[in-house]
Amino acid sequence: QVQLVESGGGLVQAGGSLRLSCAASGFTLDYYAVGWFRQAPGKEREGVACISSNGGRTHYADSVKGRITVSKDNAKNTVYLQMNSLKPEDTAVYYCAAQRSAYVCTLYMTPPGVYNTWGQGTQVTVSS
């Protein structure tokens, strides 16, 4: 069964850190670009970060640049989202998504419609 499973969310105080994981099963991430998205209540899903299939290219939303880092460990078949200096406005459900492509996330942050495999999401809540 092809699936992505996010983990690592939780409740953290402003200024704190969390590391989200996106583990793939049923397929290997070696040839897949991965994007991270988030959706807060009443808001549209927005892109947070993405990483190309070979891990050589990353892109970030302006709102998270300098605070969030995406990385890919093909040996563990997992993508990580390290989030530091968290703010209350980072509160949302975070999703990872994958797309088999050598081109996705090489030139720019790829919109969610490009990805065809999604995780179930993990809640991140940042208290002030």
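Me: How many disulfides does the structure hold?
Reply: This is a predicted model, and the values given here are computed from it. One link is formed by C22 and C96, with sulfur atoms 2.1 Å apart, and another is formed by C50 and C105, with sulfur atoms 2.0 Å apart. The number of disulfides that the structure holds is two.

Me: Which strands hold C22 and C96, and how many residues apart are they?
Reply: C22 and C96 form a disulfide, and with 75° about the S-S bond this link is right-handed. The pair links distant parts of the chain, since C22 sits in strand β3 (residues 18–25) and C96 in strand β9 (residues 92–100). The strands are therefore β3 and β9, and the two cysteines are 74 residues apart.

Me: Where does C105 lie, and how many residues separate C105 from C50?
Reply: The link of C50 and C105 is right-handed, with 85° about the S-S bond. It joins distant parts of the chain, with C50 placed in strand β5 (residues 46–51) and C105 in the loop between β9 and β10 (117–118).

Me: Why does C50 count as buried, and why does C105?
Reply: A residue counts as buried when its relative accessible area is under 20%. C105 counts as buried because its relative accessibility is 2%. C50 counts as buried because its relative accessibility is 0%.

Me: What pattern do the disulfides of the chain follow?
Reply: The pattern comes from counting the bonded cysteines along the chain.

Me: Is C22 buried or exposed?
Reply: C22 has its place in strand β3, and leaving aside residues up to four places away in sequence, it touches residues including L4, W36, V79 and C96. With a relative accessibility of 0%, C22 falls under the cut-off and therefore counts as buried.

Me: Which residue in β8 stands opposite C22?
Reply: Strand β3 pairs with strand β8 (residues 78–83) in the antiparallel sense, over six bridges. Strand β3 is also joined to strand β1 (residues 3–7) by five bridges, and these two strands run antiparallel as well, with S7 standing opposite S21 in β3. On the side of β8, the residue opposite C22 is V79.

Me: How far apart are the C-alpha atoms of C22 and A98?
Reply: Along the chain, C22 and A98 are 76 residues apart. The separation of their C-alpha atoms is 9.8 Å.

Me: With which side chain does the side chain of T117 make a polar contact?
Reply: T117 is found in strand β10, and it counts as buried because its relative accessibility is 13%. Not counting residues up to four places away in sequence, T117 touches V2, L4, F27, C96, A97 and A98. The polar contact of its side chain, at 3.1 Å, is with the side chain of N116.

Me: How many salt bridges does the structure hold?
Reply: Side chains of opposite charge can pair when their charged atoms come close. One of the salt bridges here is formed by R38 and D90, with their closest N and O atoms 2.9 Å apart, and another is formed by D62 and K65, at 3.1 Å from N to O. The number of salt bridges that the structure holds is four.

Me: Are D62 and K65 buried or exposed?
Reply: To count as exposed, a residue needs over 50% relative accessible area. D62 has 64% relative accessibility and therefore counts as exposed. K65, at 52% relative accessibility, for this reason also counts as exposed.

Me: Which residues are linked with D90 in a network of salt bridges?
Reply: D90 counts as buried because its relative accessibility is 0%, and R38, which forms a salt bridge with D90, counts as buried because its relative accessibility is 5%. D90 also meets R67 in a salt bridge of 2.7 Å from N to O, and because D90 lies in the loop between β8 and β9 and R67 in the loop between β6 (58–60) and β7 (68–73), this pair ties together parts that are 23 residues apart in sequence. The residues linked with D90 in the network are R38, E46 and R67.

Note on methods:
Residues are numbered from 1 along each chain as its sequence is written. This is a predicted model: local features need pLDDT of at least 70, side-chain atom pairs count only at pLDDT 80 or more; totals for chains, interfaces and linings use all residues. Side-chain values use heavy atoms; hydrogens and water are left out. A disulfide is a pair of cysteine sulfur atoms within 2.5 Å. Helices (H or I, at least four residues) and strands (E, at least two) are DSSP runs, numbered from the N terminus. Buried means under 20% relative accessible area, exposed over 50%, partly exposed in between (1.4 Å probe, protein chains only). Two strands pair if DSSP finds at least two bridges between them. Contact means heavy atoms within 4.5 Å. A polar contact is a pair of N or O atoms within 3.5 Å; within protein, one must be able to donate a hydrogen and the other to accept it, and residues adjacent in sequence count only if both atoms are side-chain atoms. A salt bridge is a side-chain nitrogen of Lys or Arg within 4 Å of a carboxyl oxygen of Asp or Glu.
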